[in-house]
Amino acid sequence: MKPQILFTRKEIEVALGRLAAEIKRDYECKNPLVIGILKGSFVFMADLIRRLDFPLEVEFIKLSSYGRGMESTGKIKVVQGLSCPVKGRDVLVVEDIVDTGHTITFLMDYLQRKKPASLRLCVLTDKPSRREVPVTIDYLGFSIPNKFIVGYGIDWDEKFRHLPDLCFLEEESKS
Ligand code: PRP
């Protein structure tokens, strides 16, 4: 499986600039709690927050992966929780990819029950053609086709997270 570039690091930088401007407009005076979902969001999160030149706090949360193609969504769990309260905070969730929508739906419900002052979602890549449950994305980097995405924090079998561009996997020709 050989990664091909879908969006270059330059195109990612342009998207980051646009997202940061939108987020600054909405959160500049709110000291938001910015929550990244491990592991996939860590590169996006690191680049995004360095463009947010106003006070904010950073947290991470890790959810169990239920595995691609499985029907059951009952297996999503928090495996590494937050270390600060969410109640009354303006919370911005940062996610690398929304596919079926089950993971982010679980997390947004989980956070909403903790009674934040507000709760919004920033997503780097969205695959709308794969959606199984509706998701509202407040800040979106790229809408992408139904390809297997890797790079810029996103893995295939824990590989390729370190690639600086957003890539997709294409099977190598067997001829
Ligand atoms: C990926 C991605 C999302 C989720 C999206 O995480 O980071 O959290 O899948 O899929 P869904 O919309 O179909 O629920 P993964 O489980 O691969 O874990 P990782 O972030 O640690 O790579």
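This is a predicted model: local features need pLDDT of at least 70, side-chain atom pairs count only at pLDDT 80 or more; totals for chains, interfaces and linings use all residues.
The crossing of helices α1 and α2 is right-handed.

Helix α1 covers residues 9-27 and helix α2 covers residues 42-49. Their axes come within 10 Å of each other and cross at roughly 65 degrees. On the side of α1, the contact is made by Leu16, Leu19, Ala20 and Ile23. On the side of α2, Phe44, Asp47 and Leu48 take part. Sorted by class, the contact of α1 with α2 has 6 nonpolar residues, no polar residues and 1 charged residue.

**The ligand**

There are 17 residues around the ligand, and those that come nearest are Glu95, Asp96, Thr100, Gly101 and Thr103. Three of these residues have a polar atom whose distance to an oxygen atom of the ligand is listed here.

| Residue | Atom in the residue | Distance to a ligand oxygen atom |
|---|---|---|
| Glu95 | N or O atom of the side chain | 2.6 Å |
| Gly101 | polar backbone atom | 2.8 Å |
| Thr103 | polar side-chain atom | 2.5 Å |

Taken alone, the ligand exposes 500 Å², and the protein buries 88% of that area. Two elements give two or more residues to the shell around the ligand: strand β5 (90-98) and helix α3 (102-112). Strand β5 gives the most, with 4 residues. What is the make-up of the shell by class? The shell around the ligand has 4 nonpolar, 6 polar and 7 charged residues.

Most residues other than glycine have a negative phi, and most peptide bonds are trans. Lys115 belongs to the loop between α3 and β6 (118-126), and α3 is one of the elements that give two or more residues to the shell around the ligand.

**Leu82 and its contacts**

Leu82 is also a loop residue, placed between β4 (78-80) and β5. Which residues does Leu82 contact, leaving aside its neighbours within four places in sequence? They are Ile35, Glu59, Phe60, Ile61 and Leu111. Leu82 and Ile137 are 55 residues apart along the chain, and their C-alpha atoms are separated by 22 Å.

How values were computed:
Residues are numbered from 1 along each chain as its sequence is written. Side-chain values use heavy atoms; hydrogens and water are left out. A residue is near a molecule or strand if one of its heavy atoms lies within 4 Å of it. A polar contact is a pair of N or O atoms within 3.5 Å; within protein, one must be able to donate a hydrogen and the other to accept it, and residues adjacent in sequence count only if both atoms are side-chain atoms. Accessible areas come from the Shrake-Rupley method with a 1.4 Å probe; for residues, only the protein chains shown count as cover. Ala, Val, Leu, Ile, Met, Phe, Trp, Tyr, Cys and Pro count as nonpolar, Asp, Glu, Lys and Arg as charged, and the others, Gly among them, as polar. Axes are lines fitted to C-alpha atoms, for helices over the stretch in contact, and angles run from 0 to 180 degrees between N-to-C directions. A crossing is left-handed if the near helix is turned anticlockwise from the far one by less than a right angle, and right-handed if clockwise. Contact means heavy atoms within 4.5 Å.
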